[in-house]
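Have the structure open while you read.

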Amino acid sequence: MATVYSLLTEGLAERLCCSPSEFTPQTTFASLGLDSLDLGELLIILENRLGFEIESDRKIGTIQDLVDIIENIRKKRGIRIPDVDDNKNADDKNAGGSAG
Amino acid sequence: MKRVVVTGLGVISPVGNTVEDFWRNVVEGNCGIGPITRFDSADFKVHLAAEVKDFDPFQYMERNEVARTDPYIRYAMASTQQAVEQSGFLSTVSPERFGVIFGSAIGGVTTCFREHAKLLANGPRRVSPFFVPMFIANMASGLLAIRYNCHGLVMPTVTACATGASAIGEAYEKIRFGLADVMIAGGSEAAITDCAIAGFSNMKALSLSDDPLAASLPFDLRRSGFVMGEGSATLILEEYEHAVSRGAPLLGEICGYCATCDAYHLATPRPDGKQGGRAMAESIRQANWQPGENVYLNAHGTGTPLGDIAESQAVHEVFGEHAARVPVSSTKSVTGHMIGAAGAAEAIVCLLAMRDGVVPPTIGLTEPDPKCDLDYVPLKARAFRPTLTLSNSFGFGGHNVSLAMRPVRG
């Protein structure tokens, strides 16, 4: 199932030519040797995948920080991410949830 | 004045990604020119280039460093790492007495065109924040300074096809005048891109030949322009006493450097080659040339109709009755034109010619041009031990650079 976290780590892995399994939510961008320009590049990769701009004044230290920022933007603006939300709905249905 | 020796060499080239592979292929005359693979050249008049082959940037850089650098910078990091390792100077020089003069004629054009395409297709938000640092032509020198902790003078040279030679000459003078103990010097280029080839082609600067062995033809009657090449070359220059005291490899001595300008036309050389000749004359004067000694000249020799004649005339003017006894060859017949890297790669050729007592050939030279009437060492290398070598590099903008080198004497 795609999540914002998995989309983010896949983008990061693509950038760093490595596997997404090397990261955890608490991984800091600094520990990966990434600076503010790298983060800007990562945001472009993510924006291409998500289809909306990721603008925030919040400090981004860890992968989870960025996930939270993206989720907040989604919530505020009511943006759906097909890969994430459709899968979520399907999972909810399979689990007998009330979605749909 | 201080003496300046060379203690490390490195090269990434169309004919080899180590100094010894490069040198072997230059001496054997194994041509590095082939069909363009970097883009589809079907609609172009030019179909050949001298591309670097089998280059693995991960051999020299961390994965994120590779992602945030243009190919011209990757080549620079690679050739410089080779040179730094051979020299072994790193722990022996204080960062304040250590500098970098390392140029690129064009800079990161691969990056430039890619990001421009993103701008046109998807708007400004999609342009990489690395566009500027990957594109600008000083970034190879900047990143080399970061990697090797250099706090002295760090700057690029940008003198078109003379870029690499300008870097060596300027670095030489910094040490000669006592301003530094060690300098990283050289040039890098990675401009085999569609728009760059189109631009050079429309200047009528490039050969239109489809035969790789009959495309880069310096001094040959059939010559019609150069073949775009690429790569990087680095020399470590070091103050003589500094190098000797630490037991460094002594690979040659820089003995003369002169830069002049044609002030004539943006791309066409002065037909009489006078300012190029003046650069040569001053360079060998500094090197204390003695008539009768064994001199080898590595020509600029790009294979353009006017340039080769002007350079040949200049050699006559400088060496007079001795000109016929000076073997002259063009490495570009083998490597194509490595543009900003050419001057540095060809300085390496001069140093290795003195080391091995062999002068490399001008390959493809089967139909001599009567207006080019020097000894161009056609087709095959020759046993010859120079006591003085000269490397010429001339660039668009009228830049003329000549470097003189000798074996190191005690």
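A salt bridge here is a side-chain nitrogen of Lys or Arg within 4 Å of a carboxyl oxygen of Asp or Glu. This is a predicted model, in which local features need pLDDT of at least 70 and side-chain atom pairs count only at pLDDT 80 or more, while totals for chains, interfaces and linings use all residues. Residues are numbered from 1 along each chain as its sequence is written, chains are lettered from A and ligands numbered from 1 in the order in which they are written, and side-chain values use heavy atoms, with hydrogens and water left out.

**Charged pairs**

Over all chains, the rule turns up 32 salt bridges. Take B:R223 and B:D308, whose closest N and O atoms are 3.4 Å apart. B:R223 sits in the loop between α8 (194-202) and β7 (231-239) of chain B and B:D308 in helix α11 (residues 305-319), so this pair ties together parts that are 85 residues apart in sequence. (Helices are DSSP runs of H or I with at least four residues, strands are runs of E with at least two, and both are numbered from the N terminus.)

How accessible are the partners? Buried means under 20% relative accessible area, exposed over 50%, and partly exposed in between, using a 1.4 Å probe on protein chains only. B:R223 is buried at 8%, and B:D308 is buried too, at 1%.

B:E51 is buried at 7%, while B:R38 is partly exposed at 38%. In another pair, B:E238 is buried at 0% and its partner B:R246 is partly exposed at 21%.

| Pair | Closest N and O atoms |
|---|---|
| B:R223 and B:D308 | 3.4 Å |
| B:E51 and B:R38 | 3.8 Å |
| B:E238 and B:R246 | 2.6 Å |
| B:R68 and A:D38 | 2.3 Å |

**Where the chains meet**

The B:R68 and A:D38 pair joins the two chains, and B:R68 belongs to a salt-bridge network with A:R15, A:D35, A:D38 and A:E41. Between chain B and chain A the rule finds six salt bridges.

Counting contacts as heavy atoms within 4.5 Å, 12 residues of chain B touch 18 residues of chain A. Together the chains bury about 1300 Å², with 45% of it on carbon and sulfur atoms; buried area is the accessible area (1.4 Å probe) that two parts lose on being put together, summed over both. On the chain B side, B:R63, B:R125 and B:R126 lose the most area to chain A, together 46% of what that side buries.

**Rings**

What about the aromatics? Rings of Phe, Tyr and Trp (its six-membered ring) pair if their centres lie within 6.5 Å, and planes under 30 degrees apart count as stacked, over 60 as edge-to-face and the rest as tilted. That gives nine aromatic pairs over all chains. B:F131 and B:F135 are stacked, because their ring centres are 5.6 Å apart and their planes at 10 degrees. Both residues lie in helix α5 (residues 131-135) of chain B, four residues apart, or about one turn of the helix. B:F131 is partly exposed at 21%, as is B:F135 at 28%. Elsewhere, ring pairs link B:F55, B:Y60 and B:Y75 into a cluster.
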